[in-house]
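Have the 3D view open as you read.

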Amino acid sequence: VQLVESGGGLAQPGGSLRLSCAASGFTFSNYYMSWARQAPGKGLEWVSGINSGGATATTYYADSVKGRFTISRDNAKNTLYLQMNNMKPEDTALYYCTKVASGWASDEWGQGTLVTVSS
């Protein structure tokens, strides 16, 4: 299994970034996926999740990002996305793409991509 995140970088408050996660080594379309983050000096925080997709994707969000972030997936491309809008300094963190085993517990993680929100 390999999960490779990209798209991190520097954003200004109120700005946007789009993260991508390229998945390989498993049948992507069979699994729920999620994004988690770890801010400097803080613990891990679950950010968002999405079901396996198909005809209708069901999405889930932490209260801290609801209305600002959008998770999506393209099963044909084995890719997970996180569109982040109206970003805040408190969104600064290392963002991880994860493969969900059950109950939002993840059994595979990417290496992370760093997002910094600062003016």
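**Strand E9 and its partners**

Strand E4 (residues 33-38) pairs with E9 in the antiparallel sense, and six bridges join the two. Keep in mind that you are looking at a predicted model. To find this pairing on screen, look for Arg37, whose bridge partner in E9 is Tyr95.

E9 also pairs with strand E11 (residues 113-117): these two run antiparallel and are joined by three bridges. Here Ala93 has Val115 of E11 as its bridge partner.

Next, follow E9 to strand E10 (residues 105-109), an antiparallel pairing over four bridges. Val100 is a handy landmark, as its bridge partner in E10 is Ser106. E9 and E10 make a hairpin, with two residues between the strands.

How many of the 10 residues of E9 are buried? Seven are, which leaves the strand mostly covered.

Now to the cysteines. Cys21 and Cys97 form a disulfide, with their sulfur atoms 2.1 Å apart. This bond links distant parts of the chain, since Cys21 sits in strand E3 (residues 17-24) and Cys97 in E9 (residues 93-102), 76 residues apart. Is Cys97 buried or exposed? Its relative accessible area is 0%, so Cys97 counts as buried, the cut-off being under 20%. Cys21 is buried as well, because its relative accessible area is also 0%. Finally, look along the S-S bond of Cys21 and Cys97: the torsion is about -70°, which means that the disulfide is left-handed.

How values were computed. Residues are numbered from 1 along each chain as its sequence is written. This is a predicted model: local features need pLDDT of at least 70, side-chain atom pairs count only at pLDDT 80 or more; totals for chains, interfaces and linings use all residues. Side-chain values use heavy atoms; hydrogens and water are left out. A disulfide is a pair of cysteine sulfur atoms within 2.5 Å. Buried means under 20% relative accessible area, exposed over 50%, partly exposed in between (1.4 Å probe, protein chains only). Two strands pair if DSSP finds at least two bridges between them.
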